[in-house]
Amino acid sequence: MRKLLTLLILSSTLAFAQNSFYSSYGFGIESLPLPVRMIGMGNTGNAVEDSLSLNTLNPAFWNGFLTTSLQGQVESSFLNVPDVPFNNMLSRFMGFSFKLPISKKIGVAFGVMPTTRVHAENAFVDSTAFSDSFVKYKYSVEALGGISEFFIGGGYRINPQWRIGIKMQLYFGNYVNKGSTDINNNGTVDSYYKRRMDVNGSQIGLGFAWVDKSGKICLSGYVNQSIKFKYNTEYDYFYGPDSTVGFKSLNYPSSYRIGISKKLPKNLAFNADFRFTKVSPSLFSNFYQFEKTSSNNSYFIGVGLEKLPANNIRENKFLKRLFIRIGAYYKTEPFYYLQTVVEESGASFGIGVPFHKGFNRLDMALVASKRDGFLSEKIGSEKVISLHIGVTTGEIWFRKLKRH
């Protein structure tokens, strides 16, 4: 009955307005809190240094900034499920960050980015026994919300080989779950409920990077450890008094990431990342949107290749000034559904266009991905095409100019 009810909800086309069938599970579908440059390289870049844009994956590279800059990005995605007459277009702002150099060895940065997002809406019609007959009813349920982060931190270059960094993250967000019942399916709401869950907490991230003496190989690591998280739940019903549950502790996941970057001939660079996220087995036992689900540790692995522009950034030929990127990745979500792991794999292509004397850059990335889990057996795979656009604008501030 549980499987059948889930299938009815998922296969219903009465009300679908979501960015993924899976977005109502766990904390929602993960947003990508990384620059568009890294997205174009298969979501890799933990070991990539960038003096123009901010590498939000690893604060160890928050030093040696050439410019003081502001960067922001947007995403548009198209979701298609082949075996269901459903598709959806979604566009959203994906955050901004600001960085500035303090000295040649020290830099600081801060910003705001989305972390997870839920947008799911379902409805189905059924009937229930009442006296000597059956009464039809329509049940509608909607979940909306997510978690965002504000981060601030800095990086320090110890020597030409070693770099370290620290990042403090403050998380905030809420999830609103609404349900309504229309008895006799006549267009009137006969009962409803609303549940709101507010989440807040903090994490601290520590990063390091090592560059060999030739400058061709970089190894890096980043640890993101949760400090304190809590959530509270408020209920609102159609009948009877409202009820409120006080704040409870939340064992938010911590993550560990390592990366490698190697410079190759002809201005090429190879990058690879691996991430492990530690998730509490009982994380979603009380924190869920539509139904309870179990949690699991999640993994990510990605590889990317980047063609760097010519050494002379003011090269007249347009193509020689471009960053060209390709990549591929595989990851799992931090939740099970009926003991099935939700997997995602994808391939990416991106370009970067420097402008205004090379102190600014326009980055674009196109990603094609496939998400498989419980839907693959009953409905089909989710196929997503997403376009990411990021702009970094900067100028040289806070630097002393030598007079001759």
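Before I start, one term: a residue counts as buried when its relative accessible area is under 20%. I also remind myself that this model is predicted.

**Entry 1, Ser31.** I looked up where Ser31 sits, and found it in the loop between β1 (29-30) and α2 (36-39). Is Ser31 buried or exposed? Its relative accessibility is 1%, so Ser31 counts as buried. Next I listed its contacts, leaving out residues up to four places away in sequence. Ser31 touches Arg92, Met94, Pro114, Thr115, Thr116 and Arg117.

I moved on to another serine. Ser381 belongs to the loop that runs between α3 (375-378) and β16 (382-395). With a relative accessible area of 16%, Ser381 is buried, because the cut-off is under 20%. Which residues does Ser381 touch, not counting those up to four places away in sequence? I noted Asn80, Val81, Pro82, Lys370, Arg371 and Asp372. With Asp372 there is also a polar contact of 2.2 Å between the two side chains. I then checked Asp83: it is 298 residues from Ser381 along the chain, yet their C-alpha atoms are separated by 8.2 Å.

Now for the surface. I found a nonpolar patch there, formed by Ile102, Ile106, Tyr156, Ile158, Trp162, Ile164 and Phe208. Together these residues have about 610 Å² of accessible area. I picked out Trp162, which lies in strand β6 (residues 162-183). Its relative accessibility is 39%, so I wrote down Trp162 as partly exposed.

Conventions
Residues are numbered from 1 along each chain as its sequence is written. This is a predicted model: local features need pLDDT of at least 70, side-chain atom pairs count only at pLDDT 80 or more; totals for chains, interfaces and linings use all residues. Side-chain values use heavy atoms; hydrogens and water are left out. Helices (H or I, at least four residues) and strands (E, at least two) are DSSP runs, numbered from the N terminus. Buried means under 20% relative accessible area, exposed over 50%, partly exposed in between (1.4 Å probe, protein chains only). Contact means heavy atoms within 4.5 Å. A polar contact is a pair of N or O atoms within 3.5 Å; within protein, one must be able to donate a hydrogen and the other to accept it, and residues adjacent in sequence count only if both atoms are side-chain atoms. Patches are made of residues with over 30% relative accessible area and no salt bridge: like charges are joined within 9 Å, nonpolar side chains (Val, Leu, Ile, Met, Phe, Trp, Tyr) within 5 Å. Accessible areas come from the Shrake-Rupley method with a 1.4 Å probe; for residues, only the protein chains shown count as cover. A salt bridge is a side-chain nitrogen of Lys or Arg within 4 Å of a carboxyl oxygen of Asp or Glu.
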